[in-house]
Amino acid sequence: MSESIAVVGASLAGLTVVRSLRARGFRGRITLIGAEPELPYERPTLSKEFLQTGEPVGLLEGHAETRSLDAEWILGQRAVGLSTGATHVVRLDDGRDISADIVVLATGARPRLLPGFETAHYLRDLRDARRLRAALANTTRLAIIGASFLGSEIAATAHESGLEVTLIEQALLPSIGVLGETVAAACTALHARHGVRLHTGTSVLTHRDGVLELSDGTGVPADTVVVAIGAEPETDWATADQTMRSATHLHADDGFLTGPTGRTTVPGVYAIGDCARPLDPSTGRHRRTEHWHNAITQAHLAAATITGTPAPPPAVPYFWSRQYGHLLQFAGTAHPAAVPHLIDGDLSSPTFTVRYDLDHTPVAVCALDNPRLFTRHRKLLDRSICSAEGSEQRIAG
């Protein structure tokens, strides 16, 4: 087993892989590097409770666990270069070089900028949330460009704080690629029911004199503008320092390419979380996913591979969103050809559960305010993955 591991990125994925490494018996040196000065904290609350109340954001671990992990924490320092070889070296922005036998890349993602709107508000970390909360205190009319789950959560929080909110989405329906047309339409109706204006199928051209001009000719008054059009993986840093042995072969347009367990093409270098684009064995394609469940799953898989210990049982992707006091949950993968079937409630009612079938096989489930039934079907999806994996192994054997 290797003697030293450097984890670049001290958020959910990075902290989870350190926890898993220790739990799986790794006793060597671990260095955890984080660009933010804070200990790892709960990011989902930034668009919800923190934005509304300003209450302290919960930590992902306590100080007692920090000591028990027996890791060297380097916080408030950004990685700016990576050299790979017999020993890997991570360069920090203060000039220090951190050497390790194994490097785990967990640098996450950054907000995708909208050209011409670089000075608008973006929400990714605690510093962003503090700025936005201060701006909302002096805002009457808020415009949000991008009705993604993040944009929708900000809209719901701002509306509950008494602001006039307008959502602008380029697609005909928000999240249609994830939820499918019928379910996306039902979730979109939440905005109208709570008095939030929604403009779809249009884009923003300019922001002049406090008015957003849309491509359909509409003018949207706005004191404050938030852009929530997705995120880009933090991968550029690995090749930024040209004095180091370049790791350009790790970089991809949409994340570090890895195998199913987080291995990159460089021995001893792994990538997990929002910055990684792992191979999906079921489709044979690399896909980047930005949900917390994915970050945790990849961290455990990487730790198992590094330590040579059994991998955790497979589980379907899962995410949730809270909007206007409602809980939206989704598990699985809604293939474009999957057919949604209503199994409880009604799409126009306050609660419903939908199962997605592909070739008569359940592949996903979505629920609004029905966690009990959702959890039951999510477990069934997990079991089907385990059964399919077991069958493949028996055939291979």
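Biologist: How many bridges join strand S2 to S3, and which way do they run?
Modeller: 4 bridges join S2 (residues 29–34) to S3, and the two run parallel. Strands and helices here are DSSP runs numbered from the N terminus, at least two residues (E) for a strand and at least four (H or I) for a helix. Two strands count as paired if DSSP finds at least two bridges between them. This is a predicted model, so local features need pLDDT of at least 70 and side-chain atom pairs count only at pLDDT 80 or more, while totals for chains, interfaces and linings use all residues. Residues are numbered from 1 along each chain as its sequence is written, and side-chain values use heavy atoms, with hydrogens and water left out.

Biologist: What stands opposite threonine 31?
Modeller: Glutamate 72 in S3.

Biologist: Which strands make up the open sheet with parallel pairing, and in what order?
Modeller: The order is S3-S2-S1-S7-S18, 5 strands in an open sheet. S3 (72–75) and S18 (269–271) stand at the edges with a single partner strand each, so one side of each has no neighbour in the sheet. The twist averages 15 degrees from one strand to the next, with angles running from 0 to 180 degrees between N-to-C directions of lines fitted to C-alpha atoms (for helices, over the stretch in contact).

Biologist: Where does helix H1 pack?
Modeller: H1 (residues 12–23) packs on that sheet and touches S1 (4–8), S2, S3 and S7 (102–105). Its direction makes about 170 degrees with that of S2. Helix H8 (residues 292–307) lies across S1, S7 and S18, at about 160 degrees to S18.

Biologist: And what is the order in the antiparallel sheet?
Modeller: That open sheet has 3 strands, S4-S5-S6. S4 (79–83) and S6 (97–100) are its edge strands, each pairing on one side only. S5 (residues 88–92) is joined to S6 by 4 bridges, and histidine 88 has alanine 100 as its bridge partner in S6.

Biologist: Switching topic: lysine 48, buried or exposed?
Modeller: Buried, with a relative accessible area of 12%. The cut-offs are under 20% for buried, over 50% for exposed and partly exposed in between (1.4 Å probe, protein chains only). Lysine 48 is in the loop between S2 and H2.

Biologist: What does the side chain of lysine 48 make a polar contact with?
Modeller: The side chain of glutamate 153, at 3.2 Å. A polar contact is a pair of N or O atoms within 3.5 Å; within protein, one must be able to donate a hydrogen and the other to accept it, and residues adjacent in sequence count only if both atoms are side-chain atoms. Leaving aside neighbours within four places in sequence, lysine 48 is in contact (heavy atoms within 4.5 Å) with Glu153, Thr157 and Arg322.

Biologist: Where is serine 152?
Modeller: In helix H5 (residues 149–160). Serine 152 is buried, at 4% relative accessible area. Beyond its neighbours within four places in sequence, serine 152 is in contact with Ala147, Leu167, His191 and Gln323.

Biologist: How many disulfides does a search of the whole structure find?
Modeller: 0, with a disulfide being a pair of cysteine sulfur atoms within 2.5 Å. Cysteine 366 is in none, and the nearest cysteine sulfur, that of cysteine 187, is 5.3 Å away. Cysteine 366 is buried, with a relative accessible area of 0%.
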